[in-house]
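Look over the sequence and the structure first.

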Amino acid sequence: MNYFSFLAEHGSTLLLGTVTTLKVLICATILYVIISIIFGLMRVSNNSAIQGIATVYIEFFRGTSLLVQLFWFYYVLPFFGISLEAFTAGVVAIGMNFGAYGAEIVRGGILAVPKGQWEGAHALNFSPFKRMKNIIIPQIFPIILPPVANLTVELLKATALVALVTVVDLTFEAKQINAITWLSAQCFGTALLIYYIISRFFLVPFLRWLEVLAARKVGRGKI
Amino acid sequence: MNKFLKSIGVFLVIIFSISSVSAATLTERLKDGHKLRLGFGTAVPWAYAGDNGEALGFVNMIALTVLEEMGITEHETKVFEWSGLIPGINANRSDMVTGGMYILKSRCENMNFSDPIGVFGDAMLVPKGNPKGINNYADVIRTGAKLVTGAGFNTVEAAKKYGVPDSQMMLVEGEVGILAAMKAGRADVAVQTFFGAKEHEAKTGGKFEVTDPKLMPKETLNVVGIGFRKTDVEFRDNFNKALAKVMANPATMLKRAGEYGYDKAQLPPPSMSTEWACSTK
Amino acid sequence: MNAEWKWDFTFQILPQMLWATLNTIMAAGIGYAIATIVGLLFLLGQRTPIKIVNMINREIVEFIRSTPLLIQLFFVYFVLPQFGITLSAWVCGMITIGLHFGTYLSEVYRGALEGVPKTQWEACRALNFTNFYTYRRIVLPQAFPIAIPGMGNYLVGIFKDTPLLSTIGVAELFHAATAVGGYHYRYLEPYTIVGIIFLILSVPAAMGIRKLEKSVNKAQGKVKY
């Protein structure tokens with residue numbers, strides 16, 4: 001069977017799987033960005049209890065493997081009364097795992113804002129909340145976006161794991177086709193290619209565009 | 001910032017609300033308009049999914065025939081790794097296990113079975129010509145061959161029972177893993193269901209052959225049932241009633257399941273009941 | 001199966017899980033060793049003066065880095081035998097992990113080399129040192145400490161990705177949990193134990209690396225933040 005007839009027969013199935021992969025990517029990215037901001041802010045809090053909670057969260061999720069977390073969310077959590085759909089369990093596990101890494105980036109970004117900015121805001125009598133929101137946060141974007149971009153590419157790759165908990169994504173479809181047809185080179189090769197195309201030609205350019213945008217905004221002096 | 005917090009709240013609520021599944025019984029779930037979820041692995045010709053996720057294989061065909069008898073025509077499919085089937089139904093990931101599971105004592109402790117839908121045996125898959133002369137577990141031990149089978153398969157238990165040492169065992173994910181290991185020469189012999197082995201023999205164009213199932217220990221003959229959650233007794237009983245009707249007049253079922261190789265020889269004898277298998281197997 | 005934690009079951013499977021942990025550690029160690037070498041090869045490919053080699057090298061690295069390790073594992077495991085190359089699951093896993101993380105380590109090496117001030121190179125040239133001598137005595141001793149934290153991070157990273165090896169049948173910790181869970185139809189204890197073992201092993205490792213990073217930064221005269 002040549003490659004084109006393989007594509008004609010299974011291409012649409014792989015594309016359907018790709019759509020699910022993109023859905024997981026988008027939902028998990030939204031979730032991890034939110035978690036990163038919340039826990040990143042908690043990490044720089046002056047309140048040691050809040051800081052402690054964030055530290056435990058981050059160490060816990062960075063210390064155990066994503067696959068273990070995913071299986072735990074999927075197979076074990078229901079016994080504690082929380083039964084997430086496979087898709088949701090996948091998104092939540094990935095989001096919470098990457099949120100832990102993202103929180104550290106956010107923390108680094110906040111601490112990297114020059115001291116003068118903090119002092120300036122203090123001198124102008126801004127409340128801590130206002131200082132964060134109006135002065136510090138806008139400035140951290142150009143600092144954190146490059147590492148966030150790397151992390152998001154890692155997240156795209158990590159979405160492949162949801163296939164192992166019955167989510168019908170690109171990896172799952174490739175596995176299924178392999179199981180039925182044994183055209184391993186074609187189905188896994190095509191899957192690799194699709195991930196590569198998503199990353200190289202869509203995700204990375206988009207993230208670079210965000211970086212440029214953020215740098216320009218701060219450069220313009222919008223505070 | 002308030003707006004921001006609010007939108008986070010909304011997002012989290014949405015995420016968790018789509019998903020919180022109530023602990024209702026299957027009968028109630030179906031009444032609420034949920035679709036019945038069939039859980040199975042990828043085991044041709046027993047049960048597997050088609051390109052669009054549709055349920056294929058003879059166990060699925062039998063289950064669907066019975067469900068239609070019960071008036072249930074809608075379902076969705078969940079494809080698991082074999083070892084995840086029972087943990088999956090217990091974690092409320094599926095409603096019925098149609099993977100084609102043998103009724104075994106250890107499984108009965110974790111899942112309820114329907115009445116048997118058929119009787120089946122295991123066999124070994126060996127390279128053509130059977131160069132090492134392996135027909136059963138004793139031969140495996142004698143020749144020191146590497147034996148591959150699926151994680152969570154009944155054959156793991158059986159191999160241990162007949163004394164195959166762990167060092168000779170190789171556990172992989174399901175039928176796919178078994179054939180992959182055999183094709184690549186990572187294992188010398190595979191043990192699986194006779195049907196699964198037949199399928200692999202056909203798929204590889206005679207590169208491998210199936211040993212005579214009669215040369216396997218007699219006790220490896222097993223009955224297969226459909227699995228239900230321990231709490232869904234009522235549904236299981238209704239299923240059994242419909243199954244009995246189908247078995248009494250099996251023409252339709254045999255036609256549908258026959259496409260996958262199931263035939264009259266598989267119809268379960270009355271002596272091999274679920275209670276019998278649960279207590280002796 | 002119910003939600004109750006069964007202690008007798010826990011103790012029954014614990015020895016088996018601990019044995020499998022050794023396999024996990026071994027897998028991470030071997031995979032890492034291969035990755036450090038593969039990383040050097042990619043670094044060489046990147047630094048050769050031949051443009052076409054640079055380009056091919058960059059594309060390969062880019063491709064490996066932007067595709068999931070899981071499918072790469074499947075690819076190596078299922079496809080190579082079709083070309084007559086049959087390797088055991090272990091070897092497949094080690095090669096794939098080595099290649100995958102080799103691309104990351106080559107970046108770490110590159111960063112470390114670039115972290116050595118340009119003036120050092122210039123001074124060496126002025127002193128008429130050979131290239132080999134420059135690398136061995138001047139550049140590498142300075143670059144190595146810069147690379148240590150990054151290298152450490154990827155060691156922990158590989159360790160945390162070893163569960164993926166279970167999908168092709170490498171008998172490491174996660175595989176043991178799945179097998180034992182499939183055998184006894186209980187996932188609660190096996191997967192929780194896996195999580196705890198990972199936590200016990202990787203949190204101190206990560207902390208150690210962070211400490212190392214701080215001391216390296218201090219030694220380099222860089223103070224973070």
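To compare two helices, an axis is fitted as a line to the C-alpha atoms of each helix over the stretch in contact, and the angle, from 0 to 180 degrees, is taken between the N-to-C directions. In chain C, helix H6 (residues 131-161) and helix H8 (residues 188-219) pack at an angle of about 170°. Their axes are 8 Å apart. Angles over 145 degrees count as roughly antiparallel, and H6(C) and H8(C) are therefore roughly antiparallel to each other.

Which residues bring these two helices together? Sorted by class, the residues of the contact of H6(C) with H8(C) come to 13 nonpolar, 3 polar and 2 charged.

The C-alpha trace of chain C spans about 75 × 45 × 25 Å along its principal axes. An unreviewed UniProt entry places the feature "domain: ABC transmembrane type-1" at residues 21-209 of chain C. Over residues 21-209, chain C is 81% helix and 0% strand, and the end C-alpha atoms are 21 Å apart.

The UniProt annotation "transmembrane region", also from an unreviewed entry, covers residues 20-43, 86-105, 164-185 and 191-209 of chain C. Two of these spans can be set side by side. Residues 86-105 of chain C are 85% helix and 0% strand, with end C-alpha atoms 27 Å apart. Residues 164-185 of chain C are 55% helix and 0% strand, with end C-alpha atoms 21 Å apart.

Chain C also touches chain A. In this contact, 31 residues of chain C meet 34 residues of chain A. Helix H2 (51-65), helix H3 (69-79) and H8 of chain C each supply at least two residues of the side of chain C that touches chain A. Which helix of chain C gives the most to this side? It is H8(C), with 10 residues. H8(C) is also the helix that packs against H6(C). By class, the side of chain C that touches chain A has 22 nonpolar, 7 polar and 2 charged residues.

Chain A has 8 helices and 0 strands, and follows the pattern α-α-α-α-α-α-α-α along the sequence. Its C-alpha trace spans about 75 × 45 × 20 Å along the principal axes. Helix H1 (residues 3-43) and helix H2 (residues 48-63) of chain A pack at an angle of about 130°, with their axes 7 Å apart. That makes H1(A) oblique to H2(A). The crossing of H1(A) and H2(A) is left-handed. From H1(A), the contact uses A:Phe39, A:Met42 and A:Arg43; from H2(A), the residues include A:Ile50, A:Gln51, A:Ile53 and A:Ala54. The contact of H1(A) with H2(A) has 7 nonpolar, 2 polar and 1 charged residues.

The UniProt annotation "domain: Solute-binding protein family 3/N-terminal" (unreviewed entry) covers residues 35-264 of chain B. Over residues 35-264, chain B is 35% helix and 24% strand, and the end C-alpha atoms are 31 Å apart. The peptide bond from B:Val44 to B:Pro45 is cis, with omega near 0°, and B:Pro45 is found in the loop between strand S1 (36-40) and strand S2 (48-49) of chain B. B:Asn92 has a phi near 65°, a positive value in a residue other than glycine. This residue, B:Asn92, is in the loop between helix H4 (85-90) and strand S5 (96-102) of chain B.

How far can the model be trusted? The model scores ipTM 0.90 and pTM 0.86. The mean pLDDT is 90 for chain C, where 96% of residues reach 70 or more. For chain B the mean pLDDT is 88, and 92% of residues reach 70 or more. Among the elements of chain B, helix H1 (residues 2-17) has the lowest mean pLDDT (55), and strand S6 (residues 112-113) has the highest (96). Over residues 17-22 of chain B, pLDDT stays under 50. Where pLDDT is low, the predicted coordinates should not be read in detail.

Conventions. Residues numbered from 1 in each chain as written. Chains lettered and ligands numbered in written order. Predicted model: local features only at pLDDT ≥ 70, side-chain atom pairs only at ≥ 80, totals over all residues. UniProt positions renumbered as here; feature names shortened; annotations may be inferred. Helix = DSSP H or I, 4+ residues; strand = E, 2+ residues; numbered from the N terminus. Parallel < 35°, antiparallel > 145°, perpendicular 65-115°, else oblique. Nonpolar A, V, L, I, M, F, W, Y, C, P; charged D, E, K, R; others polar. Contact = placed C-beta atoms within 7 Å. pLDDT = per-residue confidence, 0-100. Left-handed = near helix turned anticlockwise from the far one by under 90°.
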